[in-house]
Amino acid sequence: MGRKNRYLVGLDVGTSKVCAIVGELVADNGLDIVGIGVAESRGIRRGVIVNLEAAVDSIKKAVDEAELMAGVEIDAVHLSMAGPHIKGFNSRGVIAVAGKSREITRDDVRRAIEAAKAVSLPAGREILHVLPQDFVVDEQDGIGAPVGMTGARLEVNVHIVTSATTATQNLVSCVNRAGVGVIDTVVEQIGAAEAVLTSDEKELGVALVDIGGGTTDIAIFERGSLWHTAVIGVGGDHFTSDIAVGLRMPIPDAEKLKRKCGCALSAMVDEDETIDVASVGGRRSRVMARRILSEILQPRAEEIFHLVWDEIRRAGYEKSLNSGIVLTGGGAILEGMPEIAEQIFDLPIRRGAPTGIGGLADHVGSPAFATAVGLVLYGQRHQVVEAVRSSGAGAFGRVAGRLKGLFREFF
Ligand SMILES: Nc1ncnc2c1ncn2[C@@H]1O[C@H](COP(=O)(O)OP(=O)(O)O)[C@@H](O)[C@H]1O
Ligand SMILES: [Mg+2]
């Protein structure tokens with residue numbers, strides 16, 4: 001492996017922070033984190049660029065810091081995509097099996113997926129992911145790996161994720177202006193899922209809920225595949241502004257207070273417990289009951305989780321979540337979030353932080369780094385497929401760039 005190929009970089013451009021993470025591929029398919037760069041996110045609102053110059057600066061800062069720490073130059077990254085313009089839906093492709101013997105080949109699978117992709121998109125939208133869920137051979141459904149089976153008709157069910165073309169282009173050109181290329185764009189939940197979900201959870205049924213600064217992103221997995229994605233326009237920053245309004249303090253103070261003393265479930269807070277609240281405008285600091293702070297936070301947590309539950313129900317997966325719900329993103333760090341979620345969903349709930357990595361793993365072992373680390377893991381999986389392809393073991397010819405990583409499970 002060349003020196004360059006040993007490194008993979010994830011770049012997560014969020015509403016709150018821009019994070020670049022350098023991973024080094026090590027023996028036995030392992031991955032060490034060797035560089036981390038974090039910058040405050042400016043010029044980006046809910047995944048969309050609102051100020052180009054400011055966004056480029058933030059990206060540059062994060063990339064420079066990660067380069068310095070890792071001691072390598074970053075050429076290209078796996079980039080996260082997020083925001084309300086991201087939409088997911090399910091589609092189906094059907095083809096007649098080509099060979100005389102009716103034995104299904106990789107090429108048949110590729111054609112079926114191409115057929116599933118042939119949906120008419122509204123103007124200004126493009127496909128980011130086409131994720132195969134399962135196959136139907138003649139009348140037999142629920143097939144995971146159809147290659148080598150015999151049949152006349154092959155159907156594939158896929159989950160397609162699309163984005164607004166201009167939003168994608170603006171983000172990619174910001175990254176380019178910061179001097180970095182983009183290998184692939186990955187929807188944020190799909191990135192985060194790589195870092196925090198186990199394959200058992202994805203098999204049995206799980207919802208990943210990524211609570212970022214401006215949005216909460218949902219992804220539902222079952223039988224090992226992605227079935228539903230959605231974005232809710234409420235996130236962690238809403239808790240902060242609730243505190244700022246409720247306790248009449250500036251946003252930065254409210255943010256500090258939330259992180260230090262906040263709790264999303266007021267029943268968890270002892271009635272006698274008090275906190276010191278920094279004063280504003282030169283007044284003396286005041287002491288108040290911590291309960292009051294949690295009473296400000298709880299309704300917002302309830303709102304987010306009720307919206308998540310509505311989305312899960314509307315999509316028809318409320319009975320499918322046998323492994324419950326995994327909370328991730330910076331907003332999931334708030335004390336009491338899993339506990340209040342458990343009351344609302346009546347399902348097993350856990351916090352998801354990146355696992356299964358080496359190197360500086362301790363420094364990225366927080367839910368806030370799930371997407372950035374997941375992008376590196378996504379890239380690693382992708383690269384394995386590339387290696388198989390270039391060694392001649394793969395035979396699916398010119399598969400569209402973004403489809404490449406998806407085939408491994410099916411052969
Ligand atoms: N320790 C913490 N306690 C409570 N909330 C936190 C904590 N750390 C981060 N957050 C919140 O997480 C949100 C940012 O989520 P994150 O996943 O880091 O960012 P992004 O929006 O860039 O995806 C912010 O609203 C922030 O206030
Ligand atoms: Mg995020």
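A: **The nonpolar cores and their surroundings**

The largest nonpolar core takes in 63 residues, and Leu 11, Ile 21 and Ile 59 have the most contacts inside it. A nonpolar core here is a set of buried Ala, Val, Leu, Ile, Met, Phe, Trp, Tyr and Cys residues whose side-chain atoms join up within 4.5 Å. Bear in mind that this is a predicted model, where local features need pLDDT of at least 70, side-chain atom pairs count only at pLDDT 80 or more, and totals for chains, interfaces and linings use all residues. Side-chain values use heavy atoms, without hydrogens or water, residues are numbered from 1 along each chain as its sequence is written, and chains are lettered from A and ligands numbered from 1 in the order in which they are written.

Which residues is Ile 21 in contact with, once its neighbours within four places in sequence are left aside? On one part of the list sit Leu 8, Val 9, Gly 10, Ile 33, Gly 35 and Ile 36. Contact means heavy atoms within 4.5 Å. There's also a second, separate core: this one has 44 residues, Ala 207, Ala 264, Val 277 and Ile 296 among them. In soluble globular proteins, nonpolar side chains tend to be buried together.

Val 277 makes a handy way into that second core. You'll find Val 277 in strand β15, residues 274-277. (Strands are DSSP runs of E with at least two residues, helices are runs of H or I with at least four, and the numbering starts from the N terminus.) With 1% relative accessibility, Val 277 counts as buried. The cut-offs are simple: buried is under 20% relative accessible area, exposed is over 50%, and partly exposed is in between, using a 1.4 Å probe and protein chains only. Setting aside residues up to four places away in sequence, Val 277 touches Met 249, Leu 257, Ser 285, Arg 286 and Met 288. For a sense of the fold around Val 277, its C-alpha atom is 8.9 Å from that of Asp 253, although the two are 24 residues apart along the chain.

His 78 sits in strand β6, residues 76-81, and its relative accessible area is 3%, so it is buried. Again without residues up to four places away in sequence, His 78 touches Leu 8, Val 9, Gly 10 and Leu 11, along with Ile 183, Asp 184, Leu 375, Tyr 378 and Gly 379. Ser 320 is a loop example, lying between α8 and β17 (325-328). At 12% relative accessibility Ser 320 is buried, and it touches Leu 204, Gly 205 and Glu 222 under that sequence limit.

Then there are the charged pairs. Side chains of opposite charge can pair when their charged atoms come close. If a salt bridge is a side-chain nitrogen of Lys or Arg within 4 Å of a carboxyl oxygen of Asp or Glu, the count comes to 19.

Take Arg 381 and Glu 194, whose side chains meet at 2.8 Å, N to O. Arg 381 belongs to helix α10 and Glu 194 to helix α4 (residues 188-196), so this pair ties together parts that are 187 residues apart in sequence. Arg 381 is partly exposed at 25% relative accessibility, whereas Glu 194 is buried at 18%.

Glu 201 and Arg 350 form another salt bridge, with their closest N and O atoms 2.9 Å apart. Glu 201 is in helix α5 (residues 199-204) and Arg 350 in strand β18 (residues 349-351), so parts 149 residues apart in sequence are tied together. Glu 201 is buried at 11%, while Arg 350 is partly exposed at 29%.

Asp 310 and Arg 313 bridge at 3.3 Å between their closest N and O atoms. Both are in helix α8 (residues 290-315), three residues apart, which means about one helical turn separates them. Asp 310 is partly exposed at 34%, and so is Arg 313 at 41%. Elsewhere, Arg 92, Arg 153 and Glu 155 join into one network through salt bridges that share partners.
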